[in-house]
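Please open the viewer and keep the selection tool at hand.

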Amino acid sequence: MPVVSHLFEPIKLRDLVIRNRAWVSPMCQYSATDGVPDDWHLVHLGQFATGGAGLIISEATAVVPEGRISPQDTGLWNDEQVAAWRRINDFLHAQGAATGVQLAHAGRKASTSAPWEGGQTVPASEGGWETVSSTANAFGNNAAPRALTEAEVAELPAQFAAAARRAEQAGFDVVELHFAHGYLAHQFYSPLVNDRTDRYGGDFDNRVRVLLEITDAVREAWPADRPLFARISATDWVEGGWTGEDSVRLSRLLAERGVDLVDASTGGAVPKAEIPISAGYQVRFARQVRTGADVPTAAVGLITSPEQAEEIVASGSADAVLLGRELLRDPHWPLRAADRLHADNIWPKQYERARRI
Ligand SMILES: Cc1cc2nc3c(=O)[nH]c(=O)nc-3n(C[C@H](O)[C@H](O)[C@H](O)COP(=O)(O)O)c2cc1C
C-alpha cells in the first residue's frame, strides 16, 4: 500500500514504536516547585497527548538543582520528582503518546527569573545560586559564573547518568540530552565561550570531550532498548563560532556512542548572533547532519503547517518534526494535520463529533 502521509507513518527507534513523526519540542514552563512538576504540567503535556502528538518531550529538566535555568524549573534529582513525572507519563501513555525528558544543566545561564519576570539573574537572597560554567565569563548581563575545576567537570557524566536512571523509574521512553542553546554542554563545545586550557578546552576533541563522556555514562545507565536523543545547536550563527560542519563531526561521534537521533536546533551561545529567522530556518541543519553523519534527525523551528511538516519528512530532511509554539497555539494540531494529509483518523473517540474533513 502506498504511503499516504510520511508525517503520520510510525517510526521505530530501538524497541520504541512512535505512532507518528509530529512531536512536541521541549518547552520550559517555569512553574515547578522544588523541581517537582504538578497539575499544570499534567494538563499542559496531557493536551498534546489527546491532541495526537507522537512523542512529547518534557521541558529542560535539571540533573542537579544548580542546573536549573530558573528556580521554578523541573528536575530529576530526587524520588519526589520521579513520582510526579510517573503520574504524568502514565496519563500520556494511556493516550497512546510516547514520552521523553530533556536532561539539562544550564551552567552560566542558570539561576534566572522566568521570561515574564525579565529573565535576569536571581540573587542568592531571593533563592538564586552561584552558577558554574566552562568559563568565568558571564553570558550577557547574567551574573558571572565560577569556572568548574577539571575534577568537577569529570563529575558531570555521573550526574546525568543518575538523572537518566530516575527517568527510567519515572517511565519515560526517551531521554534527550540538552546540548544546545548556550547551556552548560554548549558552553564547552562553542569556541566563542570555552576558554579553558585543560583537557576540556582548546581543540575540537577537547571541547566535545565532556559531551562524549556524558553520552557514554547515560547510554550505560539508560536501558539498551530505549532511544537516546541529543539536541545540539548546529551553528552559533557567528563568524569563528561552531558550524554545521562541526555538528556533522560531533553527530558522528554521538551516533557511534549510541545516540539514536540528533535534534538540530541552533544558537544561544552568545547574545550577539545574527539569526536569519524565517519559516523552517533550521531545517537545513537537520538535513546536513542526517546526510553528513548518517544519523536520524528531527527538525525544529518555525514549522507550522501540515504541508510544510510533511515535506520535511517526505524529502528526507529529517525523520521527524518538533513543534513548539504552534502547539501552544493549537495543542490539537496533529489531529487537524492528519485529516489535512489524509492520514488515518487519529481523533480520540471522545472528540469524534468535532471532526470535520
Ligand atoms: C515557552 C518556550 C519554552 C522553551 N523551552 C525549551 C526547553 O526547555 N528546551 C529546549 O531545548 N528548547 C526550548 N524552547 C525552544 C523550543 O523547543 C523550540 O526549539 C523553539 O521554540 C523553536 O520551535 P517553534 O518555532 O516551533 O516554537 C522553548 C521555547 C518556548 C516557546
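The following stops name what to select and describe what is there.

This is a predicted model, in which local features need pLDDT of at least 70 and side-chain atom pairs count only at pLDDT 80 or more, whereas totals for chains, interfaces and linings use all residues. Residues are numbered from 1 along each chain as its sequence is written.

**Stop 1: the nonpolar core**

Select V175 and V321. These two residues have the most contacts inside the largest nonpolar core, which has 99 residues. A nonpolar core is a set of buried Ala, Val, Leu, Ile, Met, Phe, Trp, Tyr and Cys residues joined through C-beta atoms within 7 Å. A residue is buried if 20 or more other C-beta atoms lie within 10 Å of its own, exposed if 12 or fewer, and partly exposed in between, with C-beta atoms placed from the backbone.

Next, select helix 4 (residues 156-169), which supplies six residues, the largest share of this core. Helices (H or I, at least four residues) and strands (E, at least two) are DSSP runs, numbered from the N terminus.

Return to V175: leaving aside residues up to four places away in sequence, its contacts include A164, A167 and W222. Contact requires C-beta atoms, placed from the backbone, to lie within 7 Å.

**Stop 2: strand 10**

Select residues 261-265. Is strand 10 buried or exposed? Five of its five residues are buried, so strand 10 is largely enclosed by the rest of the structure. L261, D263 and S265 lie on one side, and V262 and A264 on the other.

I232 has A264 as its bridge partner in strand 10.

**Stop 3: the ligand**

Select the ligand and the 20 residues that surround it; the closest are S25, M27, A60, G324 and R325. A residue belongs here if its C-beta atom, placed from the backbone, lies within 6 Å. Strand 4 (55-62) and helix 10 (325-329) are the elements that give two or more residues to this shell.

**Stop 4: helix 11**

Finally, select residues 333-340. In helix 11, W333, P334, L335, A337 and A338 are buried. Their cover includes strand 3 (22-24), helix 9 (306-314), strand 12 (320-323) and helix 10. After helix 11 comes H342, whose phi is positive, near 60°.

How values were computed
Two residues are in contact if their C-beta atoms, placed from the backbone, lie within 7 Å. Two strands pair if DSSP finds at least two bridges between them.
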